[in-house]
Amino acid sequence: MNTKTKLEKIKSQEIDIEEESQKFLQKITDSNINAFITVNEKQVIEKAKKLKENISKQKAGKLAGLLVSVKDNIAVKGIRMTCGSKMLENYTAPYNATITERVLEEQAIIIGKTNMDEFACGGSGETSFFGPTLNPWNNSRVPGGSSSGAGAALAAGLCDLSIGSDTGGSIRSPATFCGVVGFKPTYGLVSRYGLSDMTMGIETPGPMARDVYGAAILLESMAGNDPKDNVSTKQKQFDFTTKLDNFSFEGKTIAVPKEFFEGSETTVSQIVLDAVEEMEDRGADRIEISVPDTKFCVATYYLNMYAEFASAMQKFDGLKYGFRTETDSTLNETVSANREQSLGKEVKRRILFGTFISMKEFQGKWYSKALQAKNIIKQKYEKIFSKADFMVSPAAPFTAFEIKEKIDDPLAMYLADTLVSFANLSGIPAGVVPFGFSHGLPVGVQIAGGQNKDLEVLQAMQTLELKRGEIKWPQK
Amino acid sequence: MNKIDEKTLKRVSEVCRLKLSQGELKEFSLDSEKLFTFFSKINQDYAPKDLSLYLTLNRNPLRKDGTAKTFEGAKSILDLAPKRSADYFKVPKNL
């Protein structure tokens, strides 16, 4: 059942949301994919009971009764928020993120907090302290990351909608590997207040769903000005649903960047090219473009991220909250030991290298250059979107890879972000919609648009979705 | 050579208060060679030599001063403290 139909059935009370919630909770219990870190069992049923009364009085919100999962780096008051780390294993969020407040106002039911790479450091879903998440399509494969639990939970039917966050592809990578819809909004469209920061200069929360309408209505509920976030959009509200169907590719220009296909598997490229052909058949003009800057994106992204991440992680010292070791040494030694014993290898690597490139003697060679490169990339994409409406590409050069295949090779893992980090560096919207399968694994098509063209990107995604038809979801 | 030697990494680990074992220092030093050689492409081929460009395009809007409010979540925050004494966080001595 698609999201729109489900909402209608909830509002007409054809679906009993209390029964539905119980059904989903049971599915989570029976599932083997480790998609959730914390399940909000008790509150889900209480909330469902209360909502039933409201719905019967015709007071239904936009997300009334939908079961929404939240990535475990976003604060939900009174619920554990671990960021996938031992450091925050016992941390309970004392306040709600702005986006949490907003989805609750729209009567969503928060079913739980999803698994993720530790502090979002990973692109495969393997670095969580709580164990790796498995891909529901094939349990020996990774689900993508860092919003690994979000993507896997949707594909396995453990929730209706998911909130993820995208710093260098962390929504779009699990979307393509798990065969669901993932959308990275324009930077500033969605408030970051209450998101545990990784790289505040480029990251954003965003919606994930089984269909584009689900992503659009979740985005609509979350987007808008937040005085608590200083890069927030000025516009208070957005409408991404009523005009979703009102779209034609007639007169639109589609840019196809050749570098995005060069290292991609043939079957992946073919599925994306089929999508481009579909757009052309519907009246779009296709232009081939070259973006040589693509090869600099990963280096630019990781250097920017290293520096901001090392700075953001300073607060995790185990003094006011978080893991605290039993030692009787000095402050510095205690903090060092707390961090040593509670952080995973990839997090340590990024803190260490981020501190290195931020130090005065090395800064000019790495971090300053990376900031400049980021600006150049942003300008290049502004130029592309002054000539084209959309850029269409794969979101990953391959389908979901084997668990442990890349985990010991950080560079190989980083290179998996090659086709997604451009959108974060340039602050533009980009979404992934599943459009085919290769050897039983889903392949998503990535559509990017100019800054603030979020609606148009969603519209283009939905057109492809309608052409693709229903997905037969995995039954595990 | 883009390898960061173990001695430098030890100093960096002290700066960022992250205790590392000898094995970790060795591993991260080896990683650094591969990673920073890859990153060096933006130095050689991409970023301009002139550093006078604006480093960031983000602006930082100033917020209007509002009326001060009493923070009501103090107890929930203190409850999260690994060690506390009455209404204070208990932290190790400085020296």
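This is a predicted model: local features need pLDDT of at least 70, side-chain atom pairs count only at pLDDT 80 or more; totals for chains, interfaces and linings use all residues.
**Exercise 1. Describe the secondary structure of chain B and how much of the chain is buried.**

Step 1. Chain B has three helices and two strands.
Step 2. Read from the N terminus, the order of these elements is α-α-α-β-β.
Step 3. Chain B has 95 residues, and 31% of them are buried.
Step 4. Take the contacts in chain B between residues at least 6 apart in sequence; 40% of these join residues at least 24 apart.

**Exercise 2. Describe the contact between chain B and chain A: its residues, its buried area and its polar pairs.**

Step 1. Chain A supplies 67 residues to the contact, and chain B supplies 56 residues.
Step 2. The size of an interface is often given as the accessible area that is lost when the parts come together. Here chain B and chain A bury about 5,500 Å² between them, with 67% of it on carbon and sulfur atoms.
Step 3. Six salt bridges are counted between the two chains. In one salt bridge, the side chain of Arg11(B) meets that of Glu361(A), at 3.1 Å from N to O.
Step 4. Between chain B and chain A, 12 residue pairs are in polar contact, both residues being at pLDDT 80 or more.
Step 5. On the side of chain B that touches chain A, the elements giving two or more residues are helix H1 (6-15), helix H2 (22-46) and helix H3 (74-78). H2(B) gives the most, with 16 residues.
Step 6. By type, the residues on this side of chain B are 30 nonpolar, 11 polar and 15 charged.

**Exercise 3. Work out which residues of H1(B) are buried and which are exposed, and describe what lies at the ends of the helix.**

Step 1. The cut-off for buried is under 20% relative accessible area, and for exposed it is over 50%. In H1(B), the buried residues include Thr8(B), Leu9(B), Val12(B) and Ser13(B).
Step 2. These residues are on the same side of H1(B), because they cover an arc of only 140° around the axis.
Step 3. Lys7(B) and Glu14(B), on the other side of H1(B), are exposed.
Step 4. The N-terminal end of H1(B) is capped by Asp5(B), which has a side-chain oxygen 3.1 Å from the backbone nitrogen of Lys7(B).
Step 5. After H1(B) comes Arg17(B), with a positive phi near 50°.
Step 6. Glu14(B) also forms a salt bridge with Lys10(B), the closest N and O atoms lying 3.7 Å apart. The two residues are four apart in helix H1 of chain B, so about one helical turn separates them. Glu14(B) is exposed, at 52% relative accessible area, while Lys10(B) is partly exposed, at 39%.

**Exercise 4. Find where the partners of two salt bridges in chain A are placed.**

Step 1. Asp16(A) and Lys52(A) form a salt bridge, with 3.2 Å between the closest N and O atoms. Asp16(A) is in the loop between helix H1 (3-11) and helix H2 (17-30), and Lys52(A) is in helix H3 (residues 41-56), 36 residues apart.
Step 2. Asp16(A) is partly exposed at 25% relative accessibility, and Lys52(A) is partly exposed at 31%.
Step 3. A salt bridge joins the side chains of Lys467(A) and Glu278(A), at 4.0 Å from N to O. Lys467(A) is in helix H17 and Glu278(A) is in helix H9, 189 residues apart.
Step 4. Lys467(A) counts as partly exposed at 46% relative accessibility, whereas Glu278(A) counts as buried at 11%.

Note on methods. Residues are numbered from 1 along each chain as its sequence is written. Chains are lettered from A and ligands numbered from 1 in the order in which they are written. Side-chain values use heavy atoms; hydrogens and water are left out. Contact means heavy atoms within 4.5 Å. Buried area is the accessible area (1.4 Å probe) that two parts lose on being put together, summed over both. A polar contact is a pair of N or O atoms within 3.5 Å; within protein, one must be able to donate a hydrogen and the other to accept it, and residues adjacent in sequence count only if both atoms are side-chain atoms. Ala, Val, Leu, Ile, Met, Phe, Trp, Tyr, Cys and Pro count as nonpolar, Asp, Glu, Lys and Arg as charged, and the others, Gly among them, as polar. Buried means under 20% relative accessible area, exposed over 50%, partly exposed in between (1.4 Å probe, protein chains only). The arc is that of the directions from the helix axis to the C-beta atoms.
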